[in-house]
Amino acid sequence: MLKVKTIHKPEWYKRYRNQPVTLFKRAWVWSKSEEQLYSKLCVGKTLHLCSGYSELGDERIDLNPEVKPSVVADVHQLPFKDLSFDTIIIDPPWHGPKTWMKWDMMVREMCRVARKRIIMILGNLMYILPKPFVLKEVYIVKKISPQIKHVFVWTRMEKTIDSF
């Protein structure tokens with residue numbers, strides 16, 4: 001997997017990155033061990049949606065240009081051809097109903113672009129991807145704090161995308 005070393009991260013990022021708990025201040029930051037788990041789940045060419053400051057993925061997309069993603073874009077309209085990436089990974093931000101109402105648009109785009117696998121990191125168990133993806137694995141990441149994350153790994157079962 002291609003990793004791009006950058007120096008654009010703010011000082012608070014370095015402090016939070018080494019703590020055992022993911023903190024929700026100014027931006028989401030994965031701990032090193034958490035990012036190592038996610039990296040192991042990725043196969044082939046990886047697209048990281050809502051990447052923030054993370055360097056995981058061959059291509060990183062975020063709406064915020066300050067985090068220096070590979071591509072500044074909206075996850076509801078991905079600027080890639082069908083089946084462009086082997087894996088898509090996303091830890092979506094939640095901004096209330098404005099985001100929830102567009103959930104189906106984001107899922108359709110991920111299914112269109114993903115060739116093999118979609119990995120979603122969520123705070124609950126209520127999300128399902130449409131065919132041709134089937135749920136293969138679920139990880140529960142328990143932090144020291146009461147926060148629990150569910151990591152869902154879906155695998156594409158068909159080679160065509162005409163069954164949406």
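In these legends a residue is called buried when its relative accessible area is under 20%, exposed when over 50%, and partly exposed in between. The model shown is predicted.

**View 1. The salt bridge between lysine 116 and aspartate 86 joins two strands.** With a relative accessible area of 10%, aspartate 86 falls under the 20% limit and is therefore buried, whereas lysine 116, at 44%, counts as partly exposed. Their side chains meet at 3.9 Å, N to O. Lysine 116 belongs to strand β7 and aspartate 86 to strand β6, so that the bridge links distant parts of the chain, 30 residues apart.

**View 2. Asp82, Glu109 and Arg112 are linked in a network of salt bridges.** The side chains of aspartate 82 and arginine 112 meet at 3.0 Å, N to O, and because aspartate 82 lies in the loop between β5 and β6 while arginine 112 lies in helix α4, this pair ties together parts that are 30 residues apart in sequence. Arginine 112 also forms a salt bridge with glutamate 109, with the closest N and O atoms 2.9 Å apart; these two residues are three apart in helix α4, which means a separation of about one helical turn. Both arginine 112 and glutamate 109 are buried, the arginine at a relative accessibility of 17%, whereas aspartate 82 is partly exposed at 40%. By the rule applied here, the count of salt bridges comes to five.

**View 3. Serine 84 is a buried residue in the loop between β5 (71-72) and β6.** The relative accessible area of serine 84 is 17%. Leaving aside neighbours within four places in sequence, serine 84 is in contact with Lys45, Val113 and Arg115. Although serine 84 and arginine 115 are 31 residues apart along the chain, their C-alpha atoms are separated by 6.7 Å.

**View 4. The largest nonpolar core has 24 residues.** Those with the most contacts inside this core are Leu47, Leu49, Ile88, Met110, Ile118 and Met120. Two or more core residues are given by each of β3 (46-49), β6 (85-90), α4 (103-113), β7 (114-122) and β9 (148-156), and the largest share, six residues, comes from α4. A second, separate core has eleven residues, among them Leu56, Ile89, Val141 and Val151. Apart from its neighbours within four places in sequence, isoleucine 88 is in contact with Leu47, Leu49, Met110, Val113, Ala114, Arg117, Ile118 and Ile119. In soluble globular proteins, nonpolar side chains tend to be buried together.

**View 5. Helix α2 (residues 32-41) has a buried side and a face turned away from it.** The buried residues of this helix are Glu34, Glu35, Tyr38 and Leu41. Seen down the axis of α2, these residues fall within an arc of 115°, so they line one face of the helix. The face turned away from the buried side carries the exposed residues Ser33, Gln36 and Lys40.

**View 6. Leu135, Val138 and Ile140 form a nonpolar patch on the surface.** Together the three residues have about 280 Å² of accessible area. Isoleucine 140 lies in strand β8 (residues 133-142) and is exposed, because its relative accessible area of 59% is over the 50% limit.

Terms used. Residues numbered from 1 in each chain as written. Predicted model: local features only at pLDDT ≥ 70, side-chain atom pairs only at ≥ 80, totals over all residues. Heavy atoms only, no water. Patch = residues over 30% accessible without salt bridge, like charges linked within 9 Å, V, L, I, M, F, W, Y side chains within 5 Å. Areas by Shrake-Rupley, 256 points an atom, 1.4 Å probe, with all protein chains shown as cover. Salt bridge = Lys/Arg side-chain N within 4 Å of Asp/Glu carboxyl O. Helix = DSSP H or I, 4+ residues; strand = E, 2+ residues; numbered from the N terminus. Buried < 20%, exposed > 50% of the residue type's maximum accessible area, 1.4 Å probe, protein only. Core = buried A, V, L, I, M, F, W, Y, C linked by side-chain atoms within 4.5 Å. Contact = heavy atoms within 4.5 Å. Arc of directions from axis to C-beta.
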